[in-house]
Amino acid sequence: MAKTSLDRKFDQIKKREEEKSFSIKKRSRIVSKFLNNRLAVFGLIIFTIIILASLFAPLLSPYDPMRVDLRSMRQAPSFDHWFGTDSTGRDVFTRVLFGGRVSIFIGLGSAILSAVVGIAVGCYAGYKGGWIDVIALRVSEIFMSFPQIILVLLLVSITGQSLFNLMAIFILTGWGGMYRLARARMLSLREEEYVQALRSFGLSTFTICYKHMLPNALSPIMVNITLSTAMFILTEAGLSFLGLGVPLNIPTWGNILNVAQDILILQNYWWMWGPVGLVISVFVLCVNFIGDGLRDSTDPSQQG
Amino acid sequence: MKKEILKLRDVKVYFPVKAGVFNRTVGHVMAVDGVDLDIYRGEVLGLAGESGCGKTTLGKAILRLVEPTNGEVTYVSKEEDETELTSLEKKDMDPFRKKLQIVFQDPHSSLNPSFTIFGSLQDPLKKFGVNSKEERRKIIGDLLEAVNMRREYMDRYPHEFSGGQRQRIGIVRALCLDPELIVCDEAVSALDVSIQAQVLQLLMQLKKDNNLTYLFITHDLSVTEYLCDRIAVMYLGRIVELCDSEDLYKNTLHPYSEALISAIPVADLDKKTKRIVLEGDVPSPVNPPKGCPFHPRCPKAKDICKTEVPTLKKYSTNGNEHYASCHLIDLPEIS
Ligand SMILES: Nc1ncnc2c1ncn2[C@@H]1O[C@H](COP(=O)(O)OP(=O)(O)OP(=O)(O)O)[C@@H](O)[C@H]1O
Ligand code: SF4
Ligand SMILES: [Mg+2]
């Protein structure tokens, strides 16, 4: 068969397409943008170190965080006790490591679980619209307008203090923000033509919104997860400091800080509250750096 | 004898306009306002008109991507069984979704950036019973080759392709279930002129190979002349003229079509046509003008145009059916 001019044109185009290198992948572009952000990389390194140190706490410290040792009360930092000991002779460094486990678990766990709830509701309601969306929006407004501290007091007085009650409260007050974010992304994505094309095949709502649309809504949600992790850790510290958070017998960063309520300790024994306060600040700062780095590297309007 | 594939009867699509604290409906955008149209098997029917006149909405209403407020869309199968689509339950639509497909306007939002081409095209195939992965890869690969792309491209992400390539992938998607009618919604207008011509030729080739019917939406009447068998001209949600494409250019009946045609740039310098400049903007489809919707901009408007709505009447030009809706046509009406 003779080649028409059209065939020849397409051959040319094909050749050009093949020559062009397609090596730069989108995913690696995000990673390399993130790695170029010094603060974010710094944050990620410290973040990893703190998490690993808490996870492997038993290997790093010979002490038991709960064991009272009356022979070594209120000792200043030394080679044996890096951060000194507290009023009942427990090693503060060990307690900070073990406290990190619980605090990070609460922060990250609450953030992820509230994201799961928020995304599940937000994606469906945002895509479907209609009365489901109106109801979900109103419910989220109710939860978000409820003062967290009152909710904590209420739940603590009803069910007593516990780690899971605290997380439940964080999720109840936190899912609304995630929901709104997911919903807003879905509202703009559902007008995209690829979504219309999927609908024209009659695919189910679940396949369209959770499988095909959700991946395109994830990056702002990831950023939000990091930022709310930081916020939840701070809130936990604040509530535990007031004695409203996790029961005092479980070491958390907030509970360790709790001793600073005593003016005597605040004035004379800086090592009981200083190092843990610093760890909280550094950790939260690092998480925020990571969040900012993620936001900058996934924001399409900043992509070169 | 021409056989219909799709019959539209009095199709209307109104979008509610909400305002105020209580989100009350204060009016309607009459995006499509009573369209009667037959599409014949194997033809290319052009649908032309200015931006915002409701072309996309009509195309989407056919596929039920927007629900028509009123009217009937009837699909006629090869065996001449008729099915009214708008009254079907969502799940009963499936057999017809295979037959009716759409190619979109914007190559940038028409592909999912998070999936490879194969990843985003395989779900429809799965849904319609192509269960083995090998087979799905084969179907998509074959179609990619049919649009002059390489099979291996199915494992690439959309951002790796140019606009023309994306548009061809959009065509692959529309073709993957072996449809009968494809709505091409300005399928080439976002592309470079040189690439436009190639994609158009490709579309025509595919039509021949697969016995397709096209509803070819465009705002550019210079493209339609060579491509379309018939052309419908739309204004403010209604069809104002419908005829064979040659007649539209040679025996224009409606003043609006005349104005659109006069706006086509001509290469031939000797053939000077006077360009009719339409004054003002397209009126809002929320409150269309009384009488003939075109009268505020019509150079020929008379008093009757302000009060009476012209209906689409059948005439004959050149021995062919020719529909137009204007009070001032002095041809004998055919019943
Ligand atoms: N989902 C919607 N909600 C409300 N109004 C809409 C919606 N979709 C379209 N419209 C309105 O309906 C009218 C027709 O829109 P449509 O997209 O069908 O026009 P079009 O002829 O395709 O224009 P273009 O050439 O710009 O694509 C416009 O006034 C538009 O604003
Ligand atoms: S009916 Fe009157 S206003 Fe309408 S197109 Fe004809 S001449 Fe113009
Ligand atoms: Mg359009």
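Leaving aside its neighbours within four places in sequence, with which residues is B:Ile171 in contact? The legend to Figure 1 gives the answer. The model is predicted: local features need pLDDT of at least 70 and side-chain atom pairs count only at pLDDT 80 or more, while totals for chains, interfaces and linings use all residues. Residues are numbered from 1 along each chain as its sequence is written, chains are lettered from A and ligands numbered from 1 in the order in which they are written, and side-chain values use heavy atoms, with hydrogens and water left out.

**Figure 1. B:Ile171 and the nonpolar cores.** Beyond its neighbours within four places in sequence, B:Ile171 is in contact with B:Val103, B:Val147, B:Val199, B:Leu202, B:Leu203 and B:Leu206 (contact means heavy atoms within 4.5 Å). B:Ile171, B:Phe216 and B:Leu221 have the most contacts inside the largest nonpolar core, which has 94 residues. Helix α8 (residues 163-189) of chain A gives the largest share of this core, nine residues. A second, separate core of 36 residues includes B:Leu8, B:Phe96, B:Leu100 and B:Leu181. A nonpolar core is a set of buried Ala, Val, Leu, Ile, Met, Phe, Trp, Tyr and Cys residues joined through side-chain atoms within 4.5 Å. Buried means under 20% relative accessible area, exposed over 50%, and partly exposed in between (1.4 Å probe, protein chains only). Helices (H or I, at least four residues) and strands (E, at least two) are DSSP runs, numbered from the N terminus. In soluble globular proteins, nonpolar side chains tend to be buried together.

**Figure 2. A:Ala115 in helix α5 of chain A.** The helix spans residues 92-128. A:Ala115 counts as buried because its relative accessible area is 2%. Not counting residues up to four places away in sequence, A:Ala115 touches A:Met178 and A:Ile225. A:Ala260 is 145 residues from A:Ala115 along the chain, and their C-alpha atoms are separated by 33 Å.

**Figure 3. Two buried residues of chain B with contacts in chain A.** B:Arg97 is found in helix α2 (residues 94-99) of chain B and is buried, at 5% relative accessibility. Not counting residues up to four places away in sequence, B:Arg97 touches A:Arg199, A:Ser200, A:Phe201 and A:Gly202 in chain A, together with B:Leu63, B:Lys90 and B:Phe128 in chain B. B:Ser110 lies in the loop between β6 (100-103) and α3 (117-127) of chain B, and its relative accessible area of 1% makes it buried. Leaving aside neighbours within four places in sequence, B:Ser110 is in contact with A:Glu193, A:Tyr194, B:Phe104 and B:Arg173.

**Figure 4. The largest cavity and B:Phe294 in its lining.** A search of the whole structure finds four cavities of 30 Å³ or more, and the largest has a volume of about 80 Å³. On a 1 Å grid over the protein atoms alone, a cavity is a set of points where a 1.4 Å probe fits but cannot get out; lining residues have an atom within 4 Å of a point. Grid points are joined across faces, edges and corners, and a volume is the space filled by probe spheres set on the points. The lining consists of B:His254, B:Pro255, B:Cys292, B:Phe294, B:His295, B:Cys298, B:Lys300, B:Ala301, B:Cys305, B:Cys326, B:His327 and B:Leu328. By class, eight of these residues are nonpolar, three polar and one charged (Ala, Val, Leu, Ile, Met, Phe, Trp, Tyr, Cys and Pro count as nonpolar, Asp, Glu, Lys and Arg as charged, and the others, Gly among them, as polar). B:Phe294 lies in the loop between α9 (255-262) and α10 (303-307) of chain B and is buried, at 2% relative accessibility. B:Phe294 touches B:Tyr235, B:His254, B:Pro255, B:Tyr256 and B:Leu278, not counting residues up to four places away in sequence. The C-alpha atoms of B:Phe294 and B:Cys305, 11 residues apart along the chain, are separated by 8.6 Å.

**Figure 5. Strand β12 of chain B and its antiparallel partners.** Strand β12 (residues 320-324) pairs with strand β10 (residues 238-244) over three bridges, and with strand β11 (residues 313-317) over five bridges. Two strands pair if DSSP finds at least two bridges between them. B:His322 in β12(B) is the bridge partner of B:Cys243 and also stands opposite B:Tyr315. B:Thr317 stands opposite B:Asn320. β11(B) and β12(B) form a hairpin with two residues between them. In the turn, B:Asn318 has a positive phi of about 60° and is exposed, with a relative accessible area of 59%.

Key: On a 1 Å grid over the protein atoms alone, a cavity is a set of points where a 1.4 Å probe fits but cannot get out, and a pocket is an open set with protein on both sides within 12 Å along at least five of seven lines; lining residues have an atom within 4 Å of a point.
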